[in-house]
Amino acid sequence: MTRPTQDATSESLLAEVLASLEDDKAEDIVQIDLRGKSAIGDYMVICSGRSTRQVVAIAEKLAERIKSTFGISVKIEGRQTGDWVLIDTGDVIVHVFRPEVRDFYQLEKMWMPTDAAASRA
């Protein structure tokens with residue numbers, strides 16, 4: 001069994017997610033605070049990869065880092081096609097898109113508050 005190296009608070013998970021995405025050259029990273037707005041998690045992070053291969057690699061590397069750092073096995077959906085991969089860490093939901101798929105679904109518009117409280121990483 002993997003021993004977690006630190007406690008998995010939603011803030012520490014978010015910090016690890018953002019660092020992993022930056023390390024793997026994810027583009028246009030957006031974080032959205034969901035606390036008090038939804039029961040699905042505390043934060044949502046949306047980003048893009050340049051190709052299906054990069055989208056899948058970003059998601060798989062993120063899952064490995066979360067497992068290594070916190071001892072948490074995340075749920076991953078969509079890696080078979082690589083157009084839109086969802087990574088559920090429990091408190092942080094991560095969406096990794098190819099740019100054209102992201103433009104089509106426009107999740108940011110659905111979840112971002114109108115007062116611009118969401119921040120770009």
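**Figure 1. Surroundings of Arg102 in a predicted model.** Arg102 touches Glu27, Asp28, Val30, Ile46, Cys47, Ser48, Phe97 and Glu108, with residues up to four places away in sequence left out. The structure shown is a predicted model. Arg102 belongs to helix α3. Its relative accessible area is 5%, so Arg102 counts as buried. Two polar contacts of the Arg102 side chain can be picked out here. One runs to the backbone oxygen of Asp28, at 2.9 Å. In another, the side chain of Arg102 meets the side chain of Ser48, also at 2.9 Å.

**Figure 2. The whole protein chain, for orientation.** The protein chain holds 4 helices and 6 strands. Read from the N terminus, the order of these elements is α-β-β-α-β-β-β-α-α-β. The chain has 121 residues, and 44% of them count as buried. Its accessible surface is about 6,700 Å², and carbon and sulfur atoms account for 49% of that surface. Which contacts join residues at least 24 apart in sequence? Of the contacts between residues at least 6 apart, 59% are of this kind.

**Figure 3. Helix α1 and what it packs against.** Helix α1 covers residues 10-23. It has 14 residues, and the distance from its first C-alpha to its last is 20 Å, close to the 20 Å expected at 1.5 Å a residue. Which residues of α1 are buried? They are Ser10, Ser12, Leu13, Leu14, Glu16, Val17, Leu18, Ser20 and Leu21. An α-helix has 3.6 residues a turn, so residues three or four places apart point the same way. The buried residues of α1 pack against β1, β2, α2 and β5.

**Figure 4. The largest nonpolar core.** This core has 24 residues, and those touching the most other members are Val17, Leu21, Val45, Ile87, Val92 and Val94. Two or more residues come from each of α1, β2 (43-48), α2 (52-70), β4 and β5 (92-97). Which element gives the largest share of this core? Helix α2 does, with 7 residues. Apart from neighbours within four places in sequence, Val45 is in contact with Leu14, Val17, Leu18, Leu21, Ile29, Val30, Gln31, Val92, Ile93, Val94 and His95. A second core is separate and has 8 residues, including Val30, Met44, Ile46 and Phe97.

**Figure 5. Aromatic rings around Trp84 and Tyr105.** There are 3 aromatic pairs in the model. In one of them, the rings of Trp84 and Tyr105 are 4.8 Å apart from centre to centre, and the 50° between their planes makes the pair tilted. Trp84 is in strand β4 (residues 84-88) and Tyr105 is in helix α3 (residues 99-105), so this pair ties together parts that are 21 residues apart in sequence. Phe104 is exposed, with a relative accessible area of 64%. Ring pairs join Trp84, Phe97, Phe104 and Tyr105 into a cluster.

**Figure 6. Two loop residues with positive phi.** Most residues other than glycine have a negative phi. Lys25 has a positive phi, near 65°, and is not glycine. Lys25 sits in the loop between α1 and β1. With a relative accessible area of 54%, Lys25 is exposed. Gln106 also has a positive phi, near 45°. Where is Gln106 found? Its place is the loop between α3 and α4 (107-111). The relative accessible area of Gln106 is 35%, so Gln106 counts as partly exposed.

**Figure 7. Glu64 and Val74.** Glu64 is part of helix α2. At 47% relative accessibility, Glu64 counts as partly exposed. How many residues apart in sequence are Glu64 and Val74? They are 10 residues apart in sequence, and the distance between their C-alpha atoms is 8.9 Å.

Key: Residues numbered from 1 in each chain as written. Predicted model: local features only at pLDDT ≥ 70, side-chain atom pairs only at ≥ 80, totals over all residues. Heavy atoms only, no water. Buried < 20%, exposed > 50% of the residue type's maximum accessible area, 1.4 Å probe, protein only. Contact = heavy atoms within 4.5 Å. Areas by Shrake-Rupley, 256 points an atom, 1.4 Å probe, with all protein chains shown as cover. Phe/Tyr/Trp six-rings, centres within 6.5 Å; stacked < 30°, edge-to-face > 60°. Core = buried A, V, L, I, M, F, W, Y, C linked by side-chain atoms within 4.5 Å. Expected span 1.5 Å × (residues − 1). Polar contact = N/O pair within 3.5 Å; in protein donor to acceptor, adjacent residues only side chain to side chain.
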